[in-house]
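Trainee: I would like to go through this model with you. Please tie each term to its rule.

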Amino acid sequence: MTPFHYATAAAAACLAGSAFFLPGQARWWGAATALLAYGAVTAAGVFEIRLNYFCPALRHGRPGKKRIALTFDDGPDPAATPALLDLLKERGARATFFCVAERAKDNAALVRRITAEGHTLGNHSCAHRWWTNFLTGGPMKAEILGAQQVFKELCGETPRYYRSPMGLTNPHLGPVLAEAGLTLAGWDVRPFDRGTPAGTTAARVNGAARDGSIVLLHDGGAAAESLCAAVAEIISHFTALGYSFVNLDELFKDI
């Protein structure tokens, strides 16, 4: 049972209670209030992955080992991703890349390089269309499993983690992920790095990340110089504090 199921049951109970126990016009006010509350809570669940409303999402690793997981969405990018991989290799850092399958097919060598250099490959849908998050069972299954097949053909392995486009979720996502053997990956630090100066992005991450944090960044569509400047500053800041940078497999291997 998820919070969505409990909220649905509670809304149904409130509607039934209004119908049977409230008199006259109060019955309609009670029903309207229940529906509005249910709609507001469910809308929040769609847009806020950290609520675990429709299905549980990984948001933070267990603290105690001074580790942080950098994750990069929307790639691979033919300009930004190679530069980022060079930087991570130079600094001895590992990360997780949530790749879009259609972009992966156009940059197959980059996908293979990601896995060869010890990073974790994640599923970020086939095409990253905004309406992906509003698909129902069959079409959503085709979208997610289709991406899994692309990654298997490219690098011989299927991802263990899925991050939905824009982090949106719906009631159909959980069953599809369970069937695919995928775990939903969220985050606890989001610096809103798109179009943001590198120094600002780094300052936001450096001020918010903690032991076990999962940081959401983007390599897809990013300016390579700005992205690498931000990531370099983040790595330098936390390395000086004794932290290491790991992929999601490493962050959750003891859980």
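Mentor: Start with contact: it means heavy atoms within 4.5 Å. The model is predicted, so local features need pLDDT of at least 70, side-chain atom pairs count only at pLDDT 80 or more, and totals for chains, interfaces and linings use all residues. Residues are numbered from 1 along each chain as its sequence is written, and side-chain values use heavy atoms, leaving out hydrogens and water.

Trainee: What do the buried residues of α8 pack against?

Mentor: They pack against β7 (214-218) and α9 (224-240). Helices (H or I, at least four residues) and strands (E, at least two) are DSSP runs, numbered from the N terminus.

Trainee: Which residues of α8 are called buried?

Mentor: Buried means under 20% relative accessible area, with a 1.4 Å probe and protein chains only. In α8 (residues 198-208), Ala198, Thr201, Ala202, Val205 and Asn206 are buried.

Trainee: What puts them on the same side of α8?

Mentor: They cover an arc of only 125 degrees around the axis, so they lie on the same side of α8. The arc is taken from the directions from the helix axis to the C-beta atoms.

Trainee: How many salt bridges are counted between domain 1 and domain 2?

Mentor: The count is zero. A salt bridge needs a side-chain nitrogen of Lys or Arg within 4 Å of a carboxyl oxygen of Asp or Glu.

Trainee: What is the area buried between domain 1 and domain 2?

Mentor: About 360 Å², with 66% from carbon and sulfur atoms. Buried area is the accessible area (1.4 Å probe) that two parts lose on being put together, summed over both. Phe4, Val46 and Phe47 supply 90% of what domain 1 buries against domain 2.

Note on methods. Buried means under 20% relative accessible area, exposed over 50%, partly exposed in between (1.4 Å probe, protein chains only).
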